Amino acid sequence: SMRPFVFAAVLAAAGACASTQNREMPAGDPLARVAARELYQQAVGFAQTGDLVRAEQYFVASLERGMDERVVMPTLIRTCVSASRFRAAVGYATHYLERHPEDVPLRFLTGTILAGLGENQSARRSFEDVLRRSERHAGAHYNLATLLRDGYNDPRGADEHFRQYLAIEPTGAHAEEARAGLLNTVTP
C-alpha cells in the first residue's frame, strides 16, 4: 500500500512526466487499422470518463502503432497513478527512462512512487539521479531527506538534504517539516 503522504506527492507530480515503437498489431486485433493519434485520443477520452484500464490499454496501443511517446507517457503515467497501478507506472517509466535518461520530472516521479511502495534502494537511486542532473531540485532534496530519515535511519544524511531543500525553497510547502527534521534548528 502507498504511504499517504507519498500518494499525494505522486498525484501532484504525475502531470510532469514524458522513440516510438513500430510493432505489428496481431491480425485479429480490432484496433489494427486504427491510427495511432486516434487511439491516443480515444485513450484520453476513456481516462476523462474514468475508464482507466481501457485508457491504459489504448495509450499502450497508440505507442505500439507509432504515437510519440513524449506525448503519451505523461498521460499514461497519470492514468496508472489514478488507477493505483503504481508498479505499472514504474514499469512504463523505467522503460522510457532507459532511452530518455534526461527526463528529470519523470525520474523524480518514479522515485516518489518507489518510495511510496517501500522500495527504498530504488527510490534513493532515482532521487540521487535527479540531483546529479538537477542539483537544485528542491523536491528531490526533500524526498531524499525524508527517505534517509525514515527508511535508512540516517539523520545526518537527512539533515544535509533538508538544508538543501530549505536553501532552495525557504518558504516551500515542506519548509516546516524540513526545519523540524534538522539536527540543529534553523530559523526562517
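**Confidence of the model**

The structure is a predicted model. Its mean pLDDT is 88, and 81% of the residues reach 70 or more. Over residues 15–23, however, the pLDDT is below 50, although this stretch has 31 contacts in the model beyond near neighbours in sequence. Where pLDDT is low, the predicted coordinates should not be read in detail.

**The helix pair H8 and H9**

Helix H8 comprises residues 138–152, and helix H9 comprises residues 155–168. The two helices pack at an angle of about 155°, and their axes are 8 Å apart. Angles over 145 degrees count as roughly antiparallel, and therefore H8 is described as roughly antiparallel to H9. The crossing of H8 and H9 is left-handed.

Several residues of each helix take part in this packing. From H8, the residues that meet H9 include Ala 138, His 141, Tyr 142, Leu 144 and Ala 145. From H9, the residues that meet H8 include Gly 157, Ala 158, His 161, Phe 162 and Tyr 165.

| Residue | Helix | Relative accessibility |
|---|---|---|
| His 141 | H8 | 5% |
| Asn 143 | H8 | 14% |
| Asp 159 | H9 | 9% |

A residue counts as buried if its relative accessible area is under 20%. His 141 is therefore buried, at 5%. Asn 143, at 14%, is buried because its value also falls under that limit. Asp 159 is likewise buried, with a relative accessible area of 9%.

Which residues does His 141 touch, not counting those up to four places away in sequence? They are Leu 131, Glu 135, His 161, Gln 164, Tyr 165 and Ile 168. Of these, His 161, Gln 164, Tyr 165 and Ile 168 are among the H9 residues that meet H8. His 141 and Tyr 165 are 24 residues apart in sequence, yet their C-alpha atoms are 5.4 Å apart in space.

With neighbours within four places in sequence left aside, Asn 143 is in contact with Phe 108, Thr 112 and Phe 127. Asp 159, with residues up to four places away in sequence not counted, touches Leu 182, Leu 183 and Asn 184.

Definitions and conventions
Residues are numbered from 1 along each chain as its sequence is written. This is a predicted model: local features need pLDDT of at least 70, side-chain atom pairs count only at pLDDT 80 or more; totals for chains, interfaces and linings use all residues. Side-chain values use heavy atoms; hydrogens and water are left out. Helices (H or I, at least four residues) and strands (E, at least two) are DSSP runs, numbered from the N terminus. Buried means under 20% relative accessible area, exposed over 50%, partly exposed in between (1.4 Å probe, protein chains only). Contact means heavy atoms within 4.5 Å. pLDDT is the predictor's confidence in each residue, from 0 to 100. Axes are lines fitted to C-alpha atoms, for helices over the stretch in contact, and angles run from 0 to 180 degrees between N-to-C directions. Angles under 35 degrees count as roughly parallel, over 145 as roughly antiparallel, 65 to 115 as roughly perpendicular and the rest as oblique. A crossing is left-handed if the near helix is turned anticlockwise from the far one by less than a right angle, and right-handed if clockwise.
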